[in-house]
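User: Could you walk me through a few local features of this one? I'd like to start with a strand and then move on to the aromatics.

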Amino acid sequence: MTQDTPSGNVMSQGVMSTGDGMRIFPDVEACIDCGGCVVACKRTWDREVQNQRIDITTMAEGTAGPQGENADKTGRLEAGENPGETSLPMQCYHCENAPCVSVCPTDALQKEDDGFVTVTEDLCVGCQYCLSGCPFGAPQFPDSNDGTARIFGTGGIMDKCTGCRSRQEAQKGPACAEECATDAILVGGAGEIADELEQRDSRPFFNEEAMEIIFGAEDAQLFQ
């Protein structure tokens, strides 16, 4: 697999490159639901308790698959079998075809030239259309029940994972990926991520439609 990739220093096994064109993607086979990514994000960006820019979603909790809880989850899903307990880091993946950008009525959300999906707080009216449009639950509205948000019946100002853009500009990886003990959060170009998953004998957890949202139709083919 070949593709132009971002430049930057490799800081961990999961962070392969940073900067323009980077992507963030989870390796569901590696996630152990330790919460390290959540803590790293909150500590780095001083987020409030109720504001989580990254969360770990656990499905079929306490359920073992046919070969044990940690064996070939994505392969069993493809075969229509029970994958067992499965944990997945969920955050803004800075999608190529970001639905949140498409549905935002005030252009508060933009897909920037360097690949990051950003929010302009001054333009956000708290309509929460982005929350409805995002299939990954990335948009957060931590102030929806406070102050003027409650008075005017809005969701407050939207907040989400920034991809640690300022860290990447300094050629550092996102805090969540850097501190993930099992390198379950991959950062790099689409080709780099696809190659890393192949080397790990892992596969994407998402279906074809979601992969095209995240990577675009052309780059999604790299994962097949």
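**Strand pairing, aromatic rings and a helix**

Analyst: Gladly, and please keep in mind that this is a predicted model. In S3, Leu-88 is the bridge partner of Thr-57, and S2 (residues 54-59) pairs with S3 in the antiparallel sense over six bridges.

User: And is S3 buried or exposed?

Analyst: S3, which spans residues 86-91, is mostly covered, with six of its six residues buried. Thr-86, Leu-88 and Met-90 lie on one side and Ser-87, Pro-89 and Gln-91 on the other, and both faces are covered.

User: Switching to rings, how many aromatic pairs are there?

Analyst: A search of the whole structure gives eight aromatic pairs. One of them is Phe-25 with Phe-223, a tilted pair at 5.9 Å centre to centre with 45 degrees between the planes.

User: Where do those two sit in the chain?

Analyst: Phe-25 is in strand S1 (residues 23-26), whereas Phe-223 is in the segment after helix H10 (217-220), so that the pair links distant parts of the chain, 198 residues apart. Both Phe-25 and Phe-223 are buried, and they belong to one aromatic cluster whose members also include Tyr-93, Phe-136 and Phe-215.

User: Now H9: which of its residues are buried, and what covers them?

Analyst: In H9 (residues 208-215) the buried residues are Ala-210, Met-211, Ile-213, Ile-214 and Phe-215, and their cover includes S1, H3, H8 and H10.

User: What about the ends of H9?

Analyst: At the N-terminal end Asn-207 caps H9, with a side-chain oxygen 3.3 Å from the backbone nitrogen of Glu-209, while Gly-216, which follows H9, has a positive phi near 85 degrees.

Key
Residues are numbered from 1 along each chain as its sequence is written. This is a predicted model: local features need pLDDT of at least 70, side-chain atom pairs count only at pLDDT 80 or more; totals for chains, interfaces and linings use all residues. Side-chain values use heavy atoms; hydrogens and water are left out. Buried means under 20% relative accessible area, exposed over 50%, partly exposed in between (1.4 Å probe, protein chains only). Helices (H or I, at least four residues) and strands (E, at least two) are DSSP runs, numbered from the N terminus. Two strands pair if DSSP finds at least two bridges between them. Rings of Phe, Tyr and Trp (its six-membered ring) pair if their centres lie within 6.5 Å; planes under 30 degrees apart count as stacked, over 60 as edge-to-face and the rest as tilted. Contact means heavy atoms within 4.5 Å. A polar contact is a pair of N or O atoms within 3.5 Å; within protein, one must be able to donate a hydrogen and the other to accept it, and residues adjacent in sequence count only if both atoms are side-chain atoms.
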